[in-house]
Amino acid sequence: MKYWKKLSNAEQDKRITEALSKNIDYKQKVSLGIPASKLDGNVFYEQASFLKEAPLLRTYVANPNHIGCHTLGESEEFFKGTQDIEREVIELLAVDVLKAEEGSCDGYVAAGGTEANIQAAWIYRNYFKQEHNAQQEEIALIGSQDTHYSIAKAANLLHLQWYSVPVHDDTRVIIEAELDKMVQQAAARGVKYFIIISNMATTMFGSVDDPGVYVDCMNRHNLQFKLHVDGAFGGFIFPVSTPESNVNFANPHISSVTLDAHKMLQAPYGTGIFIARKGLMPYVFTKEAQYVHGQDITLSGSRSGANAIAIWMILVTYGPHGWFEKINKLLYRTDWCCKQLDSLGVKYFRYPKMNIITIRAQYVPKAIAAKYGLVPDTHDDNPAWYKIVVMDHVEVEHLEAFLGELRIVSAKA
Ligand SMILES: Cc1ncc(COP(=O)(O)O)c(C=O)c1O
């Protein structure tokens with residue numbers, strides 16, 4: 001690991017205190033023009049004694065605005081201390097988790113996986129327009145049928161066609177013949193440029209796509225593409241559990257990745273992460289953002305710098321080994337649950353070394369699914385699947401109670 005180290009609470013506190021001291025102190029510095037301030041002291045009492053030991057809460061009170069992207073160009077001077085920590089987070093994740101070369105990526109902390117995915121589609125749409133003179137109708141988004149609905153949102157917002165490729169029902173693997181047919185049909189309709197969304201763990205199944213399947217198809221048909229990986233769910237687990245995978249920046253076909261710290265990392269909401277190879281972010285440069293120092297090349301506009309601090313704190317509290325142990329604990333619980341389901345003859349899907357178990361709905365009576373908070377693939381009357389996501393709060397005892405009820409049902413059947 002080049003950057004990812006474990007730090008004690010005292011070390012974290014020191015680093016964050018230093019960062020905050022480099023940000024604007026509204027009490028000390030006259031700043032007549034910024035439409036921002038610290039949190040309202042009448043409501044959020046800044047002398048509260050617990051704040052002394054809580055650097056994240058101190059950051060919330062200081063209320064840094066991380067508008068823009070801080071891994072390239074210039075940024076607002078007022079918040080440079082905490083922007084440094086955000087830069088550190090992006091570089092750590094790009095290099096140590098996603099195997100990028102040092103200094104080869106840009107990125108920022110987005111509102112969530114949805115924003116990060118839309119940011120990717122926005123960049124590539126503009127890239128094809130600017131670099132290839134592409135017409136709007138010549139650009140399409142493509143991904144598997146298990147792809148998150150944020151891509152359908154992106155297609156809608158950016159006026160792109162969305163091609164959803166069927167997967168095998170049992171394995172959730174892309175059906176290559178269907179992909180080929182779809183791409184051929186799209187090309188016949190005039191599509192020349194594809195924005196590929198390859199999943200590093202789908203929402204419902206935790207399945208990971210092989211990006212090579214898309215790359216081969218595009219090459220067969222001599223089509224231009226850019227490939228984005230949606231790792232909103234899998235980004236903090238799959239690279240750790242499956243380090244030999246090709247779903248990272250060591251794969252030259254992958255241009256950008258979404259991660260979501262507010263899922264597996266248990267960070268506060270508002271901690272999506274977008275990381276792209278250098279040279280791509282400027283395709284969404286908004287020249288009208290004149291009042292922002294540096295370029296605003298993110299979808300968000302104003303966003304809380306405290307979110308970057310929260311991600312950084314979690315990463316350095318665990319360190320890479322602590323995180324590996326935590327992931328393995330969750331995988332142990334998932335393995336255990338799968339073994340029990342096997343012994344009951346219950347059919348389910350589980351992608352290797354992932355923590356999602358997606359059970360065929362016919363094995364789970366609705367009342368049991370509701371009692372244990374299983375999530376269906378659809379909220380209409382007839383779901384086909386229910387999923388269990390083995391997060392930190394899902395303990396073997398909880399799984400055992402659920403399995404106990406399934407056992408009674410299967411004994412009666
Ligand atoms: C694979 C995947 N992508 C994107 C998203 C969207 O993330 P968010 O809700 O943070 O916008 C999700 C959320 O569940 C997801 O599972």
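This is a predicted model: local features need pLDDT of at least 70, side-chain atom pairs count only at pLDDT 80 or more; totals for chains, interfaces and linings use all residues.
Local features need pLDDT of at least 70, side-chain atom pairs count only at pLDDT 80 or more, and totals for chains, interfaces and linings use all residues. Residues are numbered from 1 along each chain as its sequence is written.

The chain holds 11 helices and 11 strands. Helices (H or I, at least four residues) and strands (E, at least two) are DSSP runs, numbered from the N terminus. The C-alpha trace spans about 75 × 55 × 40 Å along its principal axes. Of the 413 residues, 45% are buried. A residue is buried if 20 or more other C-beta atoms lie within 10 Å of its own, exposed if 12 or fewer, and partly exposed in between, with C-beta atoms placed from the backbone. Among contacts with a separation of 6 or more, 72% join residues 24 or more positions apart. Two residues are in contact if their C-beta atoms, placed from the backbone, lie within 7 Å.

The domain assignment gives domain 1 (9–62), domain 2 (77–312) and domain 3 (319–412). Such bounds come from an automatic or database domain assignment. The C-alpha centres of domain 2 and domain 3 are 28 Å apart. Between these two domains, 14 residues of domain 2 contact 15 residues of domain 3. The side contributed by domain 2 has 7 nonpolar, 6 polar and 1 charged residues. Here Ala, Val, Leu, Ile, Met, Phe, Trp, Tyr, Cys and Pro count as nonpolar, Asp, Glu, Lys and Arg as charged, and the others, Gly among them, as polar.

The ligand is surrounded by 13 residues. A residue is near a molecule if its C-beta atom, placed from the backbone, lies within 6 Å of it. The closest are G112, G113, T114, H148 and A232. Helix α4 (residues 113–132) gives the most to this shell, with 3 residues. By class, the shell has 2 nonpolar, 9 polar and 2 charged residues.

Strand β4 (residues 193–199) pairs with β5 in the parallel sense over 7 bridges. Two strands pair if DSSP finds at least two bridges between them. F194 has F225 in β5 as its bridge partner. Strand β5 (residues 224–231) is largely enclosed by the rest of the structure, because 7 of its 8 residues are buried.

Strands β9 (residues 356–360) and β11 (residues 385–389) run antiparallel and are joined by 5 bridges. I359 stands opposite Y386 in β11.

The loop between α8 and β6 includes V247. V247 is buried because 26 C-beta neighbours lie inside 10 Å. Leaving aside neighbours within four places in sequence, V247 contacts M200, V208, P211, V229 and F238. V247 and K99 are 148 residues apart in sequence, yet their C-alpha atoms are 9.5 Å apart. A250 lies in the loop between α8 (238–241) and β6 (254–260). A250 is exposed, with 12 other C-beta atoms within 10 Å. The C-alpha atoms of A250 and K192 are separated by 26 Å, at 58 residues apart along the chain.
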